[in-house]
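Good morning, and thank you for joining.

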Amino acid sequence: RRVREREDSEYSDIFSILNKITVSNVEKLSKDAIALLNKRDDEFRLRVTTLLFDKAITESAYANIMAICAKILNSDIPEVSEDLFIHITMFPKLYNLSETNIFPDITDPEYDNKVIQWMKQKDKRRGFAKFISQLYTQNLISKEIVESCIKNVLSDLEVCAFQPKSPVTEENVVQLVEFVFEVSKIIYTDHV
């Protein structure tokens with residue numbers, strides 16, 4: 001990543017913008033990002049939306065601010081919401097239940113690395129739920145997209161319910177329920 005950034009100073013500037021963005025400066029920094037995006041091609045825009053999406057789901061505390069930034073970008077560059085939709089369609093890959101990491105046994109020689117991988121996956125899945133919720137509240141994705149994700153999760157929960165109890169099925173259930181919990185916050189407020 002750092003090699004690419006040195007080769008592309010505008011991408012490095014976008015990276016810096018996304019790292020500095022706060023509630024108080026989101027409008028200004030998003031406009032700065034728009035100026036950079038308008039100079040470049042579709043491939044650059046896709047790289048930027050990928051970076052924004054990744055930051056939002058891997059650092060879920062920023063999901064709300066990244067959704068606001070995406071909305072501002074989309075107001076000038078409507079393809080941004082299309083790019084975000086492409087990322088959302090990767091939902092089944094992110095929540096692939098056969099690839100769920102579990103909390104390792106303390107005696108495992110790879111204990112530290114496995115705990116880190118477990119936490120990263122868990123946080124990324126939770127971040128995905130938070131970010132799509134925020135994208136929905138910003139009107140960047142439709143209710144049907146959110147409902148489709150919920151239906152997938154409920155279907156996966158049903159599959160888990162009929163599997164023998166194991167650390168993997170338990171972890172899958174916990175992470176799927178966390179998804180429903182995160183998304184239900186916005187669905188509930190939408191109906192109130």
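This is a predicted model: local features need pLDDT of at least 70, side-chain atom pairs count only at pLDDT 80 or more; totals for chains, interfaces and linings use all residues.

Residues are numbered from 1 along each chain as its sequence is written, and side-chain values use heavy atoms, with hydrogens and water left out.

Two packed helices are described by the angle between their axes and the distance between the axes. Here the axes are lines fitted to C-alpha atoms, for helices over the stretch in contact, and the angles run from 0 to 180 degrees between N-to-C directions. Helices (H or I, at least four residues) are DSSP runs, numbered from the N terminus.

Consider helix α4, residues 42–58, and helix α5, residues 63–76. Their axes come within 8 Å and cross at roughly 160 degrees. The two helices are therefore roughly antiparallel to each other; angles over 145 degrees count as such, under 35 as roughly parallel, 65 to 115 as roughly perpendicular and the rest as oblique. On the α4 side, Leu52, Lys55 and Ala56 meet Ala63, Met66, Cys69, Ala70 and Leu73 of α5, where contact means heavy atoms within 4.5 Å. By class, this contact has seven nonpolar, no polar and one charged residues. Ala, Val, Leu, Ile, Met, Phe, Trp, Tyr, Cys and Pro count as nonpolar, Asp, Glu, Lys and Arg as charged, and the others, Gly among them, as polar.

How does α4 pack with α8? Their axes are 6 Å apart, at an angle of about 110 degrees, and α4 and α8 are therefore roughly perpendicular to each other. Leu52, Phe53, Asp54, Ala56, Ile57 and Thr58 of α4 make this contact with Asp123, Lys124, Gly127, Phe128 and Phe131 of α8. The contact of α4 with α8 has six nonpolar, two polar and three charged residues.

Let me turn to the core. The largest nonpolar core has 52 residues, and those with the most contacts inside it are Leu52, Ile88, Phe128, Phe131, Leu135 and Phe179. Such a core is a set of buried Ala, Val, Leu, Ile, Met, Phe, Trp, Tyr and Cys residues joined through side-chain atoms within 4.5 Å. Of the helices, α5 gives the most to this core, with eight residues. Leaving aside neighbours within four places in sequence, Phe131 is in contact with Leu52, Phe53, Ala56, Ile57, Ala63, Met66, Ala67 and Leu84.

Is Ile57 buried or exposed? Ile57 is buried, with a relative accessible area of 5%; buried means under 20%, exposed over 50% and partly exposed in between, with a 1.4 Å probe and protein chains only. Ile57 and Ala129 are 72 residues apart in sequence and 8.1 Å apart in space, C-alpha to C-alpha. Asp54, also found in helix α4, is partly exposed at 34% relative accessible area. Not counting residues up to four places away in sequence, Asp54 touches Glu59 and Lys124.

Finally, Asn139 lies in the loop between α8 and α9. Asn139 has a positive phi of about 60 degrees although it is not a glycine, and at 65% relative accessibility it counts as exposed.
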